[in-house]
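Please read them with the structure open.

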Amino acid sequence: MRHDLTLAGPAFRLRPIADADARLVLELRGNTKLNRYLHSTSERLDDQLAWFASYYERPGDYYFVVERQDSGAAEGVISVYDIDFHASCGEWGRWILTPGSLAAVESAWLIYRCAFEQLGLERAFCRTRVDNGPVVSFHDSCGITARRLLPGHFELGGKLVDAMEHEVTAQA
C-alpha cells in the first residue's frame with residue numbers, strides 16, 4: 001500500500017519502499033545466503049515492479065526499506081502486512097537484511113513501533129520457518145514468550161514446512 005510512514009531510531013530508519021528499490025529487493029532475494037528460507041521469486045525487474053504495483057493497491061500492507069540514518073544506505077527491507085484492523089493485529093515479515101548489517105535489533109524494534117504506535121494495533125506476530133534457527137533464536141532472545149508451532153504452515157517448493165509464530169502485544 002502506498003503510504004508515507006517513516007520511523008527513525010538511533011542508527012537506522014524505515015522509509016516506504018518505492019519502485020526505485022526494486023533492484024535492492026532482487027539483490028536481497030537473489031542472494032543464496034539469504035533466500036534459503038524464502039519463497040522463490042522471479043529475477044526479472046519487470047516482475048518485481050509488477051509485484052510492487054499490486055502491493056501498492058493492497059490495503060493493510062506497509063513495506064519499508066531499512067536504511068542507515070547517517071548515509072541513507074539501504075541495508076534491507078521489512079513489512080507489516082495482512083493487517084486486520086477489526087481484530088487489531090497484523091503480521092510482520094519480508095525481513096531481509098544485507099549480510100553483515102547491524103540493523104536486526106533496531107529494525108525489529110522499529111516495525112513493532114510502526115504496528116503499535118503508528119497503526120494502533122494491539123498484537124503483532126511474525127512467522128518463521130522452524131528450520132531457520134538463527135531467526136527463531138533471534139525472536140526467542142528478545143524475550144518473546146508467546147510462541148506456538150504452526151505445522152505445515154508454509155508451502156515452499158511444493159513442500160509443506162512448519163513455522164514458529166512469535167506474538168507481541170502492545171502492552172508487552
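This is a predicted model: local features need pLDDT of at least 70, side-chain atom pairs count only at pLDDT 80 or more; totals for chains, interfaces and linings use all residues.

1. Sheet order. Eight strands make up an open sheet. Reading across, the order is β1-β2-β3-β4-β5-β6-β8-β7, and the pairing is mixed. The edge positions belong to β1 (7-8) and β7 (147-156). Each has a single partner strand, so one side of each is left without a neighbour in the sheet.

2. The β2 and β3 pair. Strand β2 covers residues 12-16, and strand β3 covers residues 62-68. They pair in the antiparallel sense, over five bridges. For a landmark, take F12: its bridge partner in β3 is R68. R68 returns in point 7.

3. The β6, β8 and β7 end. β6 and β8 run antiparallel and are joined by seven bridges. Within that pairing, F125 has E167 of β8 as its bridge partner. β7 and β8 also run antiparallel, again with seven bridges. There, L156 is bridged to K159 in β8. β7 and β8 form a hairpin, with two residues between them. Check G157 in the turn: its phi is positive, at about 60 degrees.

4. Helix α1. Residues 22-30 form α1, which lies across β3, β4 (74-84) and β5 (89-97). The helix runs at about 95 degrees to β4. Which residues of α1 are buried? They are A22, L24, V25, L26 and L28. Their cover includes α2 as well as β3, β4 and β5.

5. Helix α4. This helix spans residues 133-141. It lies across β5, β6 (123-129), β7 and β8 (159-169). Relative to β6, α4 runs at about 150 degrees.

6. Salt bridge E75 to R68. The structure holds 16 salt bridges. In one of them, the side chains of E75 and R68 meet at 3.4 Å, N to O. Is E75 buried or exposed? E75 has 11% relative accessibility, so it counts as buried. R68 is at 25% and counts as partly exposed. R68 is also the β3 bridge partner of F12.

7. Salt bridge E117 to R113. These side chains meet at 3.2 Å, N to O. Both residues lie in helix α3 (residues 104-118). They are four residues apart, about one turn of the helix. An α-helix has 3.6 residues a turn, so residues three or four places apart point the same way. E117 is at 53% relative accessibility and therefore counts as exposed, the cut-off being over 50%.

8. Salt bridge D131 to R129. The closest N and O atoms of this pair are 2.7 Å apart. D131 has a relative accessible area of 43%, so it is partly exposed. R129 is at 14% and counts as buried.

9. A salt-bridge network. R13, R15, D21 and E67 are linked by salt bridges into a network. Please show these four side chains together in a figure.

10. S88. This residue sits in the loop between β4 and β5. Why does S88 count as buried? Its relative accessibility is 13%, and buried means under 20%. Which residues does S88 contact, leaving aside neighbours within four places in sequence? They are G120, L121, E122 and R123. S88 and V66 are 22 residues apart along the chain, and their C-alpha atoms are separated by 24 Å.

11. Largest pocket. The largest pocket holds about 1,200 Å³ of space. Of the 41 residues that line it, L38, G93, R94, W95 and I96 are the closest to its centre. The elements that give two or more residues to the lining are α1, α2 (45-57), β4, β5, β6, α4 and β7. Which of the elements gives the most to this lining? That is β5, with seven residues.

Key
Residues are numbered from 1 along each chain as its sequence is written. Side-chain values use heavy atoms; hydrogens and water are left out. Two strands pair if DSSP finds at least two bridges between them. Contact means heavy atoms within 4.5 Å. Axes are lines fitted to C-alpha atoms, for helices over the stretch in contact, and angles run from 0 to 180 degrees between N-to-C directions. A salt bridge is a side-chain nitrogen of Lys or Arg within 4 Å of a carboxyl oxygen of Asp or Glu. Buried means under 20% relative accessible area, exposed over 50%, partly exposed in between (1.4 Å probe, protein chains only). On a 1 Å grid over the protein atoms alone, a cavity is a set of points where a 1.4 Å probe fits but cannot get out, and a pocket is an open set with protein on both sides within 12 Å along at least five of seven lines; lining residues have an atom within 4 Å of a point. Grid points are joined across faces, edges and corners, and a volume is the space filled by probe spheres set on the points.
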